[in-house]
Amino acid sequence: MTATTQRFLVRDSLAFVSLTAIIAVLFALTLFLFRSFEAHRASLAKYWANQGLEALQTNQPDRAVTAYRTALSYAPGERNDELMLAEALGKAGRIEESFNYFTGLWESRPGDGLINLEMARLAVKQQNTQDAINFYLAAIDGTWEGDAIQRRRATRLELARYLIQHREFVQAKTELLIAGGNAPDIPDLDMTLGGLLEQANDPTDALTYYQKAVRDRPRDADALGAAGRLAYELGRYSQARNWLQRAVRERPDNGKIAALLAQSERILQLIPAENLPVRERVKRILAARTIAKNRMSGCPATAGNLTNRWTAPEATATAAALLTDPDRQKAVLQLAYDTEIAASQQCGAPTGDDALLLLLARSSAQTEETSHQ
């Protein structure tokens with residue numbers, strides 16, 4: 001190899017190395033600038049997303065819409081920002097835009113629980129009842145990020161409230177019982193379920209959940225009061241008295257609970273239960289007759305069909321006559337009950353012992369009706 005050839009080889013090698021080094025430097029610089037630019041875009045996207053969240057938290061949905069749109073311009077396709085933008089549009093009153101935006105998200109992810117939940121809420125605002133129910137159900141069955149069990153339960157409770165508003169009590173009860181059946185023993189949740197089941201016209205199951213709350217928090221005045229009140233309304237007066245006594249002990253300044261306790265104690269003194277000793281039962285039947293007679297005296301409009309009955313033997317039967325005659329006991333008691341019912345229809349709602357006797361009369365009538373079905 002000649003000297004000239006060697007010089008050319010050295011020169012070409014140096015040129016190649018130099019070009020390689022320059023390319024490497026340029027590539028590194030370009031990569032650095034690109035990554036710096038991407039990091040800056042990510043930083044800006046995060047900044048504007050935080051601005052949007054702050055705007056929503058301070059009830060400025062229009063400002064939130066602008067912020068989230070800016071965030072998405074820096075980070076297109078960011079799922080959380082897309083969801084927040086759609087939510088902000090809805091809160092800004094731009095229901096149609098929000099619905100269209102969520103529809104686009106839903107079409108790409110129809111099984112997403114959160115998207116279906118937001119679609120349900122928009123359908124509620126649009127008064128599309130069946131669509132709202134369908135989206136709520138899809139949200140419950142959908143996929144969730146985070147605590148899926150808790151979020152499904154919260155969605156089910158939201159659906160139940162919506163169904164109650166539309167008087168769909170049977171379906172609401174079903175959703176509530178499913179929510180309760182899958183839930184841990186949490187007193188606050190039990191109280192919520194009890195209240196909603198009451199609204200869904202299911203007092204028996206409601207009382208079950210109030211009882212659970214009392215079991216787990218035996219000194220909770222709210223739980224005791226709710227259980228006592230509902231037990232009273234269901235005619236379970238002994239249970240009611242027990243819970244109400246405990247509620248008053250925990251919160252003696254609650255006048256409503258104290259008054260209900262007094263009523264439950266008094267009605268237990270009036271009930272002519274068949275399992276009582278016969279003398280005590282007869283005593284209570286005669287007391288009921290006296291209360292009803294006084295009620296009729298103050299309400300002449302109740303006369304009419306009752307006049308003949310108040311001159312019949314059951315109106316004057318003595319304790320001695322009733323002691324050995326169960327059929328006459330029932331006849332006297334029925335006269336008292338029928339009088340209280342008639343008086344309530346003619347002269348308005350009663351008070352005091354008359355109100356309590358009317359409760360017993362209606363309960364007796366319901367029992368009689370049920371036994372003949």
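Figure 1. Two helices, α11 (221-233) and α18 (352-371), each contribute at least two residues to the lining. The greatest contribution comes from α18, which provides four residues. The space within the second largest pocket amounts to about 160 Å³.

**Figure 2. The disulfide between Cys299 and Cys347.** One disulfide is present in the structure. A disulfide is a covalent bond that joins the sulfur atoms of two cysteines. In the predicted model, the sulfur atoms of Cys299 and Cys347 lie 1.8 Å apart. The link between Cys299 and Cys347 is right-handed, with 85° about the S-S bond. This pair connects distant parts of the chain, 48 residues apart: Cys299 belongs to the loop between α14 (278-297) and α15 (305-309), and Cys347 to helix α17 (residues 326-347). Cys299 has a relative accessible area of 0% and is therefore classed as buried. Cys347 counts as partly exposed because its relative accessibility is 35%.

**Figure 3. Leu176 in the largest nonpolar core.** In soluble globular proteins, nonpolar side chains tend to be buried together. The largest nonpolar core here contains 81 residues, of which Phe102 and Leu176 touch the most other members. With residues up to four places away in sequence left out, Leu176 touches Leu157, Ala160, Ile164, Leu193, Leu196, Leu197 and Ala200. Another core, of eleven residues, lies apart from the largest one and includes Ala55, Ala71, Ala88 and Leu89.

Definitions and conventions. Residues numbered from 1 in each chain as written. Predicted model: local features only at pLDDT ≥ 70, side-chain atom pairs only at ≥ 80, totals over all residues. Heavy atoms only, no water. Core = buried A, V, L, I, M, F, W, Y, C linked by side-chain atoms within 4.5 Å. Buried < 20%, exposed > 50% of the residue type's maximum accessible area, 1.4 Å probe, protein only. Contact = heavy atoms within 4.5 Å. 1 Å grid on protein atoms, 1.4 Å probe; cavity = no way out; pocket = protein on both sides within 12 Å on 5 of 7 lines; lining within 4 Å. Points joined across faces, edges and corners; volume = space filled by probe spheres on them. Disulfide = S-S within 2.5 Å.
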